[in-house]
Amino acid sequence: EALHLNAWTTDVFDFFLGNICKKTIKGRAKPNSKSMEMDYGLTNALLEKHGTSYDFSMSLNNQTLRVHLLSQFDPNVMGNSFPALSIRVVDTKLLPYEDLNLPSLFKRAANLRRGLFLVSGHTASGKSTTVATLMNIINTSSSDRLTILTIEDPVEYIHKSSSAKIIQKSVGINTPSFKQATEDALRENVD
């Protein structure tokens, strides 16, 4: 449904107790219009493997979805634990730098030969979009063949090497943790 509504990155579909209980489309809460069933065998298996929550991204109809699976308390369920999902549609279209309204410092930093970018913020604040745009600047305008490493949880934007060599690592798939990936980066000849 989100894909048909041209949902934005900040749009969230929450599935609790097997139904969409809330939809936020273009920043506005919408009432539940459809009932959808979750595969409880799959969600419970993922929670057993990953603990009480699990973040991942997936592709559906050429759109990237960011999924957060969690265990919630429910006094009516035996064991008091029930799976729930929060799903965001991620717009993977790269934005021009000027559209991000970032300080000029970011663009200057993207032209440095070496360095570390650490981007943090709350959910749907534009972290991935900012990083993707800066990586695109480096990847398309670097005269040196730089090696860029990203450590993400999970990877949302897929980058293809152009003027730079791009290495993307997804925590839990390509590396066990941010800590391990950061230590490994020191040995991997990245710029």
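## Overall composition

Of the 191 residues in the chain of this predicted model, 36% count as buried. The accessible surface of the chain amounts to about 12000 Å², and carbon and sulfur atoms account for 53% of that area.

The chain contains four helices and eight strands. Read from the N terminus, these elements follow the order β-β-β-α-β-β-β-α-α-β-β-α. When contacts between residues at least 6 apart in sequence are considered, 43% of them join residues at least 24 apart.

## Nonpolar cores

The largest nonpolar core comprises 10 residues: Tyr 97, Ala 110, Leu 134, Met 135, Ile 137, Ile 138, Leu 146, Ile 148, Ala 164 and Ile 166. Helix H3, spanning residues 127-141, gives the most to this core, with four residues. Another core, of nine residues, lies apart from it; Leu 46, Leu 69, Leu 85 and Ile 87 are among its members.

Within the largest core, Ala 164 is one of the members. Beyond its neighbours within four places in sequence, Ala 164 is in contact with Ile 138, Asn 139, Arg 145, Leu 146 and Ile 148.

Thr 150 belongs to strand E7, which covers residues 147-152. Its relative accessible area is 6%; Thr 150 is classed as buried because this value falls under the 20% cut-off.

With neighbours within four places in sequence left aside, the contacts of Thr 150 are Met 135, Ile 167, Gln 168 and Lys 169. Of these, Met 135 is also listed in the largest nonpolar core.

Conventions: Residues are numbered from 1 along each chain as its sequence is written. This is a predicted model: local features need pLDDT of at least 70, side-chain atom pairs count only at pLDDT 80 or more; totals for chains, interfaces and linings use all residues. Side-chain values use heavy atoms; hydrogens and water are left out. Helices (H or I, at least four residues) and strands (E, at least two) are DSSP runs, numbered from the N terminus. Buried means under 20% relative accessible area, exposed over 50%, partly exposed in between (1.4 Å probe, protein chains only). Contact means heavy atoms within 4.5 Å. Accessible areas come from the Shrake-Rupley method with a 1.4 Å probe; for residues, only the protein chains shown count as cover. A nonpolar core is a set of buried Ala, Val, Leu, Ile, Met, Phe, Trp, Tyr and Cys residues joined through side-chain atoms within 4.5 Å.
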